[in-house]
Amino acid sequence: MKESMWGYAVIVLGVLAVGIIWFFANVTKTDQHNYNLLKETVEAAMIDSVDISYYRAEGEVRIIEENFVANFIRRFAENADLSNEYKIEIFDVNEIPPKVSLRISSRNKTSATGEVVEFNIVNNIDAIIETKY
C-alpha cells in the first residue's frame, strides 16, 4: 500500500510541475511577443509617417502625428495575439525631433489551477529617429 501511495504522489507532483512550467512559459512568451511587436511596430510606423516634403524643403526629419498613430494602430492590430486584451496609451508624439513615448498593457487570463488568475503585462517604449547627418 505504501508503494502505491508513493506512485500516486509522484504522478500528482509531475502533473503539478508541468502545469506550473506551462503557466510561466506562457507569461514569458506573451511578454516577449509584446515587446518585439511593440519595438518593430513603432519603428515601422515612425518611418512610414516621415514627412518627405518637409524634409526636402527644410532638411529636417519630421513625422506627422496622425499618420504615426494610424500606422501604429493598424500594424499592431494586424500582428497582435487575439487571445489577449490590449490597452494602448500614447503619451507623447513630438514631430520635430521625431520622438514617441507609449505603453502597451495586455491582460492575460489563465485557469491552470482551476481558479481564474488575471495579470497585466506592461511594456513601455521611448523611440526617436536618428539620422547620419
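In this tour, a residue is called buried at under 20% relative accessible area, exposed at over 50%, and partly exposed in between (1.4 Å probe, protein chains only). Select L13 to begin: at 55% relative accessibility, L13 counts as exposed.

**The model as a whole**

This is a predicted model, in which local features need pLDDT of at least 70 and side-chain atom pairs count only at pLDDT 80 or more, while totals for chains, interfaces and linings use all residues. Residues are numbered from 1 along each chain as its sequence is written, and side-chain values use heavy atoms, with hydrogens and water left out.

Colour the chain by pLDDT, the predictor's confidence in each residue, from 0 to 100. The average for the chain is 81, and 86% of the residues score at least 70. Confidence is highest in α3, at 88, and lowest in strand β3 (residues 117-128), at a mean of 78.

Next, show the chain as a cartoon. Helices (H or I, at least four residues) and strands (E, at least two) are DSSP runs, numbered from the N terminus. Of the 133 residues in the chain, 26% are buried.

**Stop 1**

Return to L13, which is found in helix α1 (residues 2-48).

**Stop 1: the core**

In soluble globular proteins, nonpolar side chains tend to be buried together. A nonpolar core is a set of buried Ala, Val, Leu, Ile, Met, Phe, Trp, Tyr and Cys residues joined through side-chain atoms within 4.5 Å. Select L38, V42, F68, F72, V100 and L102, the residues with the most contacts inside the largest nonpolar core, which has 16 residues. At least two residues of this core come from each of α1, α3, β2 (99-110) and β3. Helix α1 gives the largest share, five residues.

Which residues does F72 touch? Not counting residues up to four places away in sequence, they are L38, T41, V42, A45, I88, L102 and I104. Contact here means heavy atoms within 4.5 Å.

**Stop 3**

Select N71 in helix α3 (residues 65-79). Is N71 buried or exposed? At 15% relative accessibility, N71 counts as buried. Beyond its neighbours within four places in sequence, N71 is in contact with A45, D48 and S49.

Now follow D48 to R75: they form a salt bridge, with the closest N and O atoms 2.3 Å apart. Because D48 lies in helix α1 and R75 in helix α3, the pair ties together parts that are 27 residues apart in sequence. A salt bridge is a side-chain nitrogen of Lys or Arg within 4 Å of a carboxyl oxygen of Asp or Glu. D48 is partly exposed, at 39% relative accessibility, and R75 is also partly exposed, at 24%.

**Stop 2: another salt bridge**

Finally, select D92 and K99, which form a salt bridge with closest N and O atoms 3.1 Å apart. A search of the whole structure finds five salt bridges.
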